[in-house]
Amino acid sequence: PVRSAIEQLAQVYQFDGVEQDDLIYFRRRGGPAVATITRDELGAGIDNAEAIAKAQTRANELGMPKRCYVAAPDPAMDYQAGNQYAERLSRHAGEELSVQTAAVLTADEAKRTALMLLYGTWASRWTLPVSLMRRYARLVPTDPIEVEGRRYRILSRLDDSGTYKLELASDDRDTVNQTAQG
């Protein structure tokens, strides 16, 4: 029950959790990049860094959401469920993302949440596996970084005998700053 409550709040307020040194940290998305990594540093332990840079994959547009619905208790409606949605014009996207939360949101907050979730999903459609040397040992999942001028968020980290294998997802810091009225 606690985990699901935190997951609902994380969706609405755009933060991620990570365990570090036996403590749990929650970091809001959209912060400044904590490291800048060049192409030469990408393939630690691999002879060809170019191969790593080409390993970037993009999620199929057909599986991406075209609409996002957010249902949440609305104080203006005596805490009955209010619904807001956001839509992205895309010819090929066809999925619908639906989120129900117990967090109390005004119509404006629910609309902004729908926009954040929709555009955040689209912003994260690129993934990139990289291997880095020990100088980047301080990086943990949730950290935003820049690789060759493009912003990514670290999804996972695996320590592998002197190198760190990271799974990255593209990130756009502006997705958490939506302005809309519901």
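Colleague: Which residue lies over the face of tryptophan 122?

Modeller: Arginine 88 does, at 3.9 Å from the ring centre. A charge counts as over a ring if NZ of Lys or CZ of Arg is within 6 Å of the ring centre and within 35 degrees of the ring normal. Bear in mind that this is a predicted model, where local features need pLDDT of at least 70, side-chain atom pairs count only at pLDDT 80 or more, and totals for chains, interfaces and linings use all residues. Residues are numbered from 1 along each chain as its sequence is written, and side-chain values use heavy atoms, with hydrogens and water left out.

Colleague: And lysine 111, which ring does its charged end sit over?

Modeller: The ring of tyrosine 85, 5.1 Å from its centre.

Colleague: Switching to ring pairs. How many aromatic pairs does the structure hold?

Modeller: Two. Rings of Phe, Tyr and Trp (its six-membered ring) pair if their centres lie within 6.5 Å; planes under 30 degrees apart are stacked, over 60 edge-to-face, the rest tilted. Phenylalanine 15 and phenylalanine 26 are edge-to-face, because their planes stand at 90°, with centres 5.5 Å apart. Phenylalanine 15 is in strand E1 and phenylalanine 26 in strand E2, 11 residues apart. Strands (E, at least two residues) are DSSP runs, numbered from the N terminus.

Colleague: Is phenylalanine 15 buried or exposed?

Modeller: Buried, at 17% relative accessibility. The cut-offs are under 20% relative accessible area for buried, over 50% for exposed, and partly exposed in between (1.4 Å probe, protein chains only). Phenylalanine 26 is partly exposed at 45%.

Colleague: What about tyrosine 69 and tyrosine 85, why is that pair tilted?

Modeller: Their planes meet at 35°, so the pair is tilted, with centres 5.8 Å apart. Tyrosine 69 lies in strand E5 (residues 65-74) and tyrosine 85 in strand E6 (residues 80-87), so the pair ties together parts 16 residues apart in sequence. Tyrosine 69 is partly exposed at 29%, and tyrosine 85 is partly exposed at 40%.

Notes: Helices (H or I, at least four residues) and strands (E, at least two) are DSSP runs, numbered from the N terminus.
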